[in-house]
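The sequence and the structure come first, followed by the contacts.

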Amino acid sequence: MNHTLTGRVVTPDGILDPGWIRVAGDRIDAVGPGEPDGPAQQGSATDLGGQWVLPGFFDMHVHGGGGASFTEGGAAQARQAAGFHRAHGSTRIIASLVTAPLDELEQRTAMLADLADEGVIDGIHLEGPFLSRARCGAQDPRYLLDPDLAAFGRLLAAARGQLRQITIAPELPGAAELIRAAVGAGVVAAAGHTDATAEVTAAAVDAGVTHGTHVFNGMRPLDHRQPGPAGALLDRRVTCEVIADGTHLHDVTIRLAARAAGPGNLVLITDAMGAAGMPDGSYRLGPQHVIVSGGVARLADGAPGAGAIAGSTATMAHVVRHAITAAGLPVADVAAAASTTPARVLGFAGRTGALRPGLAADLVILDPDFRLTAVMARGSWVDGTL
Ligand SMILES: [Zn+2]
């Protein structure tokens, strides 16, 4: 069925205000400025007035939400988490695992690979276990490992082609070999949870790192004489994730990261855990116990690193609105950072991530105040959003 929407349409070539977008089946059929041309318009039409149409969000770093997680529980919980985020604007997600015993990581990877084959998620991100003890944040230090090609090979085999990204601390022994192995397997090698110097981080970029995992969070801080991983990743213009939830980064830091990375290299993520969309209380992030208070998730007392921020409780709808209305980033740049760039990073640019004819009809509608009002995934309105 055809469906035409008119409103402020954010395309890769600019904002059409007013503009229109026509969906045919599960694809975007046409996009244009002004009013849709009459005869071409068949099927239903919706005038959105001053509302915005953006590409559906592609959250490439998310652990859970709506009371369920990818990091614990079974396939039913993973479906619940994916459904929660889809209803909050993420028409595509990469399920992120955290450090856990290798056998468990292997089993979870295999379970998530089945869900990726089904289209519930769009791939897997291994955030661990090859991370820094000094910058482990909410990652359980008991299960951290030095880079190990055999261990990586087991996880890669369990993923059956669905492993899209692995986050590695480049200063660990064997990191360069692991980065090369990941890149050779078609997996994005990202630097994160790292205590590396800027020099070591730059060498990792030369070895194949193309992405920074939640830059500034979980890494040696940027000092004017020791710019660390954040300085090196932004300087080398690799794509850089930021958690623009208003808790993890100051808005000045978000703006500086956006300017330094450039509009094609910033990626907005939630890093959400199971408590996203849920009340304050007691939750888990993989093996770790987490207390959520005032919407901020922290490791519970008694854990090593108690008090560390343990993922976010945000949705992509939240971080997109925060990036526009609080951090003041341009709408078109935010659409790129929330959809187009993550799709490109992960090899999905020919399928989704922009309002362009031929791509999947993945889109979101935001009101004039940038609050989410509806979500369309592969041409179908997501239940409860319109
Ligand atoms: Zn994470």
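## Salt bridges

In this predicted model, the count of salt bridges comes to 18. One of them is formed by Glu118 and Arg79, whose closest N and O atoms are 2.8 Å apart. This pair links distant parts of the chain, with Glu118 in helix 2 and Arg79 in helix 1 (residues 75-87), 39 residues apart. Arg79 has a relative accessible area of 37% and is therefore partly exposed.

Arg142 and Asp140 form another salt bridge, with 2.7 Å between the closest N and O atoms. How does the accessibility of the two partners compare with the cut-offs for buried and exposed? Arg142 is exposed, because its relative accessibility of 57% is over 50%. Asp140, at 1%, is under the 20% limit and so counts as buried.

## A salt-bridge network

Asp362 forms a salt bridge with Arg378, and here the closest N and O atoms are 3.0 Å apart. The two residues are 16 residues apart and link distant parts of the chain. Asp362 sits in the loop between helix 9 (331-345) and strand 18 (363-366), while Arg378 sits in the loop between strand 19 (372-377) and strand 20 (380-381). Asp362 is buried, with a relative accessible area of 1%, whereas Arg378 is partly exposed at 26% relative accessibility. Through salt bridges that share partners, Asp362 and Arg378 are joined with Arg92 and Asp122 into one network.

## Zinc site

Which protein residues are the donors of the zinc ion? They are His61 and His63, each through NE2, Glu127 through OE and Asp271 through OD, lying 2.1 to 2.2 Å from the ion. Along the chain, the donors follow the spacing H-x1-H-x63-E-x143-D. His61 lies in strand 5 (residues 57-62) and Glu127 in strand 9, so this pair ties together parts that are 66 residues apart in sequence.

The angles among the 4 donor atoms run from 86 to 170°, and the site is irregular.

## Aromatic contacts

The whole structure holds 2 aromatic pairs. One of these involves Phe58 and Phe348, whose ring centres are 5.3 Å apart. Their planes meet at 80°, which is over the 60 degrees required, so the pair is edge-to-face. Phe58 belongs to strand 5 and Phe348 to the loop between helix 9 and strand 18; the pair links distant parts of the chain, 290 residues apart.

## Gly119

Gly119 is found in the loop between helix 2 (102-118) and strand 9 (124-127). With a relative accessibility of 35%, Gly119 counts as partly exposed, because this value falls between the 20% and 50% cut-offs.

Gly119 and Arg92 are 27 residues apart in sequence, and their C-alpha atoms are 9.1 Å apart in space. Arg92 is also one of the residues in the salt-bridge network described above.

Definitions and conventions
Residues are numbered from 1 along each chain as its sequence is written. This is a predicted model: local features need pLDDT of at least 70, side-chain atom pairs count only at pLDDT 80 or more; totals for chains, interfaces and linings use all residues. Side-chain values use heavy atoms; hydrogens and water are left out. Helices (H or I, at least four residues) and strands (E, at least two) are DSSP runs, numbered from the N terminus. Buried means under 20% relative accessible area, exposed over 50%, partly exposed in between (1.4 Å probe, protein chains only). Donors are N, O and S atoms within 2.8 Å of the metal (3.2 Å for Na, K and Ca); water is not among the atoms, so sites may look incomplete. Four donors count as tetrahedral if all angles lie between 85 and 135 degrees; four count as square planar and six as octahedral if opposite donors are over 155 degrees apart and all others between 65 and 115; anything else is irregular. A salt bridge is a side-chain nitrogen of Lys or Arg within 4 Å of a carboxyl oxygen of Asp or Glu. Rings of Phe, Tyr and Trp (its six-membered ring) pair if their centres lie within 6.5 Å; planes under 30 degrees apart count as stacked, over 60 as edge-to-face and the rest as tilted.
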